[in-house]
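Here are my notes for a colleague opening this entry for the first time. Please keep the structure in view while reading.

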Amino acid sequence: MKKIMHRIVALAAVSVMATAVPAGAAIAGPTSGSAGPRPPKPTAPPGAGLNGEAWAWTQLTSQGTRIRYVSTDDSLMCPSVLLTVGAQPPSSIPMRLVSTPMGAQFPTTVCELGGTTGIPLAASKAELDPTTLHAATLHPGRQLPLPKWTASTRPAKIGVIGDTGCSVPARGQVQSCRTEWPFGRIATSLATVTQPDLVIHTGDYLYREDPSREDDKASNPGCQTSSQAASWDCVVADFFRPAETLLAKAPVALTRGNHEDCNQPHQGGAGGAWFRYLADVLRSNGSCSDFTPPAFIRAGTLNLVNVDSSQADPNDNGSTANLGRFTGYFDAVNQNAAQPGRTNQDYFVFTHKPLWMVKAAAPPPNPGVEAPTRVLAAAVGNTNLGRLRDNVRLVLSGHIHLYQMLDFNTSRPPQLTVGSAGGPLDMGPVDGNANGKMIGTPLQVVNQTMTQEQTPGGLGIFGYADLRDVGGTWDLVFRDSNGVPQGYPPGGQSCKVTRLTTDLAHKSFVCQ
């Protein structure tokens, strides 16, 4: 208990140290809040009025579990968190100021709690202190979800989603955010049906390139014109509001997608929004970097490696530019996985662009196969080891708007692609044409692909992955937008649950 109390004191000391805001940053007033469910107003601090809207959530990062808070109220102040550890009464710990309002795109105060090592795993309850809140509306609520695992256990239930934004391009076909966008329903199904301990997002949150073209502008007062693209209100419209029930349920682990890319000046835009609100390490100055090194995240005995592949082959044309950079990233993955005490722990690499997914395949005897992001597969083959270490059990990705499970029945980890949780769906392969084809570096034969599609070789099915610890390995279920398990092959319903084999030399998915 003495060690725990020392951690609380250290956490409090770190939390009160505010990060400096860059000189010259414009201080903007609050903007209109976005539409959405309204919980009861918090208690007003003595002598203070309430205004604006705030969002709070729990995120796993390379610096441990962190509580994040973003508000449009005009106090420019951070609230405190009532943190309960063990049998001690709650301690009120001030959140650290990360950034204050900066122009029209970022009219927000951003705060964070976690110190240098994150929220202690021994913490049993975290609640925003109502006497320190200045926002008139708080989403999802005052209580924050915390990890349910310990240092010697791991999450029992994991939900995986990806490519969740509503597609509103500057040109071309627009997805109706009112009638054709299922992310809100998927998030609610994941929260209520799977009831996850952890949610992993494989990237692509912000798709509203020109909000003026969308049919839900009335619900988004600050996200209605092209000049408001990637504004805080658009971030709320595209991600936070539809994900509200999910953010109330479980901590999240987030990787960056290619839609969170940098604009030409590397300032503001969707990339700037990513680094201000959602990145592993937040920034206060609106800047954006094309590349960031891998972030190593501990979820008890499960190790998550967040590899930023947002700029891997940006045009999806087969380029292997930046091969050396990504080779270094995967060398770092192998080095981390080889550390003493971790060689017998599972590693999941989660990265937006898939390493080995098959998007299309010609029928036999033709050899044609389309496997996107060749630079990532080549980078793995170019590592000092020539592959990923055996304890890298699974690769989680998105980018292709499908759900697909693929394995080689070798030491190469299987690829799970979950890009089916919001954006318009892609056409997939006929699985029978993909099996037996050779992909990757070095080339290996695809043992099996299992793609969830409306018809073989047709459009995908909206949904998410339900991943469960079954004592030493993992079971996988694909659930549709309503949380209903879908069988494989599609329509056949012959296999609804697949299990990841424990043989590290022959990793594959086996129907249960």
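How much space lies in the second largest cavity?

1. The second largest cavity holds about 50 Å³ of space. Bear in mind that this is a predicted model.

2. Its lining can be named residue by residue. Ile-161, Phe-183, Val-199, His-201, Phe-239, Ala-243, Leu-246, Leu-247, Val-252 and Leu-254 line the second largest cavity. By class, nine of the lining residues are nonpolar, one is polar and none is charged.

3. Now the wider count. Searching the whole structure for cavities of 30 Å³ or more turns up three. The largest cavity contains about 80 Å³ of space.

4. The largest cavity has 14 lining residues. Closest to its centre are Met-405, Gln-452, Phe-478, Gln-486 and Tyr-488. Here the elements giving two or more residues are β19 (403–407), β23 (448–452) and β25 (474–480). Strand β25 has the largest share, with three residues.

5. What is the make-up of the lining of the largest cavity, by class? Nine of the residues are nonpolar, four are polar and one is charged.

6. Turn next to the sheet. Seven strands form an open sheet with mixed pairing. Their order is β13-β14-β15-β18-β20-β19-β23.

7. Strand β13 pairs with β14 (residues 302–307) in the antiparallel sense, over five bridges. Opposite Leu-304 in β14 stands Ile-297.

8. Which helix lies across β13, β14, β15 and β18? That is α6 (residues 323–337). Of the strands under this helix, β15 covers 347–351 and β18 covers 392–397. Helix α6 runs at about 165 degrees to β14.

9. For a second look, I would start with two places. One is the β13–β14 pair, with its five bridges and helix α6 lying across both strands. The other is the largest cavity, where β25 gives three residues to the lining and Met-405 is one of those closest to the centre.

Note on methods. Residues are numbered from 1 along each chain as its sequence is written. This is a predicted model: local features need pLDDT of at least 70, side-chain atom pairs count only at pLDDT 80 or more; totals for chains, interfaces and linings use all residues. Side-chain values use heavy atoms; hydrogens and water are left out. On a 1 Å grid over the protein atoms alone, a cavity is a set of points where a 1.4 Å probe fits but cannot get out, and a pocket is an open set with protein on both sides within 12 Å along at least five of seven lines; lining residues have an atom within 4 Å of a point. Grid points are joined across faces, edges and corners, and a volume is the space filled by probe spheres set on the points. Helices (H or I, at least four residues) and strands (E, at least two) are DSSP runs, numbered from the N terminus. Ala, Val, Leu, Ile, Met, Phe, Trp, Tyr, Cys and Pro count as nonpolar, Asp, Glu, Lys and Arg as charged, and the others, Gly among them, as polar. Two strands pair if DSSP finds at least two bridges between them. Contact means heavy atoms within 4.5 Å. Axes are lines fitted to C-alpha atoms, for helices over the stretch in contact, and angles run from 0 to 180 degrees between N-to-C directions.
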